[in-house]
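Trainee: I have a new model open and would like to learn how to read it. Could you take me through it step by step?

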Amino acid sequence: MDEKKYRVLVVDDETDLCDILKFNLEAEGYHVTTANSAEEALEKNVARYDLLLLDVMMGGMDGFTLARMLKKRAETSRIPIIFLT
């Protein structure tokens with residue numbers, strides 16, 4: 001039986017942190033994509049992810065603003081969000 005490989009989007013302006021999270025989550029079997037800003041994340045098809053890890057403080061748009069935008073959209077409102085600080 002094939003298990004679903006959950007998709008995680010990590011959004012953080014610190015590239016090193018994105019790389020560490022990606023490495024560790026992929027080691028646990030998740031499919032991970034990273035974005036180095038909220039604006040970059042919005043260029044992706046966010047609706048296809050099962051979980052979002054958002055940095056609270058980023059240059060430009062912050063994680064709270066991104067989360068509010070995504071929760072207002074029907075196609076992304078159901079996606080759980082974990083904030084990174």
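This is a predicted model: local features need pLDDT of at least 70, side-chain atom pairs count only at pLDDT 80 or more; totals for chains, interfaces and linings use all residues.

Trainee: Where does Ser-77 lie?

Mentor: Ser-77 sits in the loop between α3 and β4. As for the labels, helices (H or I, at least four residues) and strands (E, at least two) are DSSP runs, numbered from the N terminus.

Trainee: What is Ser-77 in contact with, leaving aside its neighbours within four places in sequence?

Mentor: Contact means heavy atoms within 4.5 Å. With those neighbours left aside, Ser-77 is in contact with Leu-70 and Lys-71. Next comes a polar contact: a pair of N or O atoms within 3.5 Å; within protein, one must be able to donate a hydrogen and the other to accept it, and residues adjacent in sequence count only if both atoms are side-chain atoms. Here the side chain of Ser-77 reaches the backbone oxygen of Ala-74 at 3.3 Å.

Trainee: Is Ser-37 buried or exposed?

Mentor: Ser-37 counts as buried, at 18% relative accessibility. Its place is in the loop between β2 and α2. Apart from neighbours within four places in sequence, Ser-37 is in contact with Val-11 and Met-58.

Trainee: And Glu-28, buried or exposed?

Mentor: Glu-28 counts as exposed, at 63% relative accessibility. Look for Glu-28 in the loop between α1 and β2. From Glu-28 to Val-8 there are 20 residues in sequence and 12 Å in space, C-alpha to C-alpha.

Trainee: Now the sheet. How do strands of a sheet pair?

Mentor: Strands of a sheet pair through backbone hydrogen bonds, either parallel or antiparallel. The rule used here is that two strands pair if DSSP finds at least two bridges between them. In this model, four strands form an open sheet in the order β2-β1-β3-β4, with parallel pairing. β2 (31-35) and β4 are the edge strands, each pairing on one side only. From one strand to the next, the twist averages 20 degrees.

Trainee: Which residues are the bridge partners of Val-10?

Mentor: In β3, Val-10 has Leu-53 as its bridge partner. In β2, its partner is Thr-34. Val-11 can be read likewise: Ala-35 stands opposite in β2, and Leu-54 is the bridge partner in β3.

Trainee: How many bridges join β1 to β3?

Mentor: Four bridges join these parallel strands. β1 and β2 pair in the parallel sense over five bridges. The chain goes from β1 through α1 to β2, and this β-α-β crossover is right-handed. A crossover is right-handed if, with the strands pointing away from the viewer, the path from the first strand over the helix to the second runs clockwise.

Trainee: How many bridges pair β3 and β4?

Mentor: β3 and β4 pair in the parallel sense over four bridges. The chain passes from β3 through α3 to β4 in a right-handed β-α-β crossover. Leu-52 stands opposite Ile-81 in β4.

Trainee: How many residues of β1 are buried?

Mentor: β1 is mostly covered, with four of its five residues buried. β3 is mostly covered too: four of its five residues are buried.

Trainee: Which residues of helix α3 are buried?

Mentor: In α3 (residues 63-72), the buried residues are Gly-63, Leu-66, Ala-67 and Leu-70. Seen down the axis of α3, they fall within an arc of 100 degrees, so they line one face of the helix. That arc is taken from the directions from the helix axis to the C-beta atoms. The buried residues of α3 pack against β1 (7-11), α2 (38-42), β3 (51-55) and β4 (81-84).

Trainee: What does Asp-62 reach at the start of α3?

Mentor: A side-chain oxygen of Asp-62 comes to within 3.2 Å of the backbone nitrogen of Phe-64.

Key. Residues are numbered from 1 along each chain as its sequence is written. Side-chain values use heavy atoms; hydrogens and water are left out. Buried means under 20% relative accessible area, exposed over 50%, partly exposed in between (1.4 Å probe, protein chains only). Axes are lines fitted to C-alpha atoms, for helices over the stretch in contact, and angles run from 0 to 180 degrees between N-to-C directions.
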